[in-house]
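Reader: I am new to this structure and would like to learn how its features are read. Could you please guide me through it, one feature at a time?

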Amino acid sequence: MKITCKRGASLFGFFLLVLPMMALATAVPVENRQVVTEAKKAGMPATQQETFCSRFNDRAKVIATTLAERKGQFDRYKNNQTSTREEGRSNRDALLEDQRSEDDQKRSEIYTTLGTKVTTEAEKSAVADFESTVEKAVGVRQAVVDDTVAAFRRSVDTAVAGRKNETESAVEKFQSAVKEATAKAQSSCNAGTDPALVRSTFRSSLEANRFVLKTDRGAAEKVGMQVKSLAETRRVTIKKALDDFRTTVKVAQEKLKKVFGEVSTP
Amino acid sequence: MVVDYEGCTAPLIADGFLVTKNNMTHKQIIGAVITVLVFVTLAFFSRQLFSRNELTGQAERPSQVMPQNPDPDRSQSTAASVVTVPDTIGEVAGKIEDDALTDSTALDNEEESSLDQVNQGSDSVNNLGTSYDENNL
């Protein structure tokens, strides 16, 4: 083997250019390389058509496995839907209860402070009235909120239940249709039908099934819109309860101010 | 291996090694190639390590954050429990009205949670539709 000066330099340059590319190519994840390969395949429809039947078993297995896996995810969601919803509600109830207890504590400290300012019987009576009025208003506000939230939950349950069957049947229908299309394509391949025709028919079936599922999926999206609408309606009730509460507290405060001789600021 | 200095005008012999016109000995060429190989190997391993860190980082990030603030709602409410008692009666109403915030967010939380669940259902149906790509058959 002869190595000339020029050849040596060329060899060195070649290593310098090629090796980093080799290293980077090795570092590219396997999945990405598969995607590139798939993309190349997509650009060769004639070859795909010719080999469609010979590759069909593998393709069908991949589709069946992915479909089963994703149907499993849907089933898990479906089976846990009610318990997940109930669990979330219990957590929120507990959190609301905690916050209300803290608010009770804060108000209690405010009443105690007001009590330290009392010097006459009239002031003492005014503070007691104020406390009673505010506590009653708090009770009314909380009751309205609790009732509204409970009513909202019932409405959501009804809306979800109303669409549940539609969604489930759409999923079942989709799964059966894909299985049927796969079986039909397999049978056509076995019968020696032109692979290009089998492929074209199979593709059209899958495309149509996806379109039907997409349309049926609209049912789930309708539930979302219903939930928003239900919340908007209930929000009006909550707003009124909060406004009523604020007005009551304001009026009670003005009464208290008068007794204590504190000047109201406009 | 025979090194031919064709194209190099003044081959010399120094210390028993053949020297090129550019004063590059056979040893130096091998050394340079080895240096490049080492550099490339290091770059490759650094990249591999970096990719692995990116992957594991995604999985680790939530667990690193979670313990610091496991329940933001509760932390907020704990902070809110530090009571500032109003000095004047005029401030009393304002303090008491703050309670209303607790109830005003109750329905918002319900709505948000319900929508999250509905969207999860919608996503799980959508995932079924992407089980295959009919254009890639």
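Author: Let us begin with two residues. A:Tyr111 and A:Phe130 are both buried, where buried means under 20% relative accessible area, exposed means over 50%, and partly exposed lies in between, with a 1.4 Å probe and the protein chains only. This is a predicted model, in which local features need pLDDT of at least 70 and side-chain atom pairs count only at pLDDT 80 or more, while totals for chains, interfaces and linings use all residues. Residues are numbered from 1 along each chain as its sequence is written, chains are lettered from A and ligands numbered from 1 in the order in which they are written, and side-chain values use heavy atoms, with hydrogens and water left out.

Reader: How many aromatic pairs are found over all chains?

Author: Rings of Phe, Tyr and Trp (its six-membered ring) pair if their centres lie within 6.5 Å; planes under 30 degrees apart count as stacked, over 60 as edge-to-face and the rest as tilted. The search of the whole structure finds five such pairs over all chains. One of them joins A:Phe56 and A:Phe202, which are edge-to-face at 5.3 Å centre to centre with 75° between the planes. Because A:Phe56 lies in helix α3 of chain A and A:Phe202 in helix α5 of chain A, this pair ties together parts that are 146 residues apart in sequence. A:Phe56 and A:Phe202 are buried. The rings of A:Tyr111 and A:Phe130 have centres 6.4 Å apart and planes at 80°, so this pair is edge-to-face. A:Tyr111 belongs to helix α3 of chain A and A:Phe130 to helix α4 of chain A, 19 residues apart. Helices (H or I, at least four residues) and strands (E, at least two) are DSSP runs, numbered from the N terminus.

Reader: Which residues do ring pairs link into a cluster?

Author: The cluster consists of A:Phe52, A:Phe56 and A:Phe202.

Reader: Which residues touch the most other members of the largest nonpolar core?

Author: In soluble globular proteins, nonpolar side chains tend to be buried together. A nonpolar core is a set of buried Ala, Val, Leu, Ile, Met, Phe, Trp, Tyr and Cys residues joined through side-chain atoms within 4.5 Å. The largest one here has 35 residues, and those touching the most other members are A:Leu114, A:Phe130, A:Val134, A:Val227, A:Phe245, A:Leu256 and B:Ile96. Helix α4(A) gives the most to this core, with twelve residues. A second, separate core of 20 residues includes A:Phe52, A:Phe174, A:Phe202 and B:Tyr132.

Reader: Where do the buried residues of helix α3 of chain B lie around the axis?

Author: This helix spans residues 89–97, and its buried residues are B:Ile89, B:Val92, B:Ala93, B:Ile96 and B:Glu97. They cover an arc of only 120° around the axis, taken from the directions from the helix axis to the C-beta atoms, which puts them on the same side of α3(B). Chain B has four helices and three strands, in the pattern β-β-β-α-α-α-α along the sequence.

Reader: Which residues form a disulfide?

Author: A disulfide is a covalent bond between the sulfur atoms of two cysteines; here the criterion is sulfur atoms within 2.5 Å. The structure holds one over all chains, formed by A:Cys53 and A:Cys189 with their sulfur atoms 2.1 Å apart. The link is left-handed, with -80° about the S-S bond. A:Cys53 is partly exposed, with a relative accessible area of 23%, whereas A:Cys189 is buried, at 12%.
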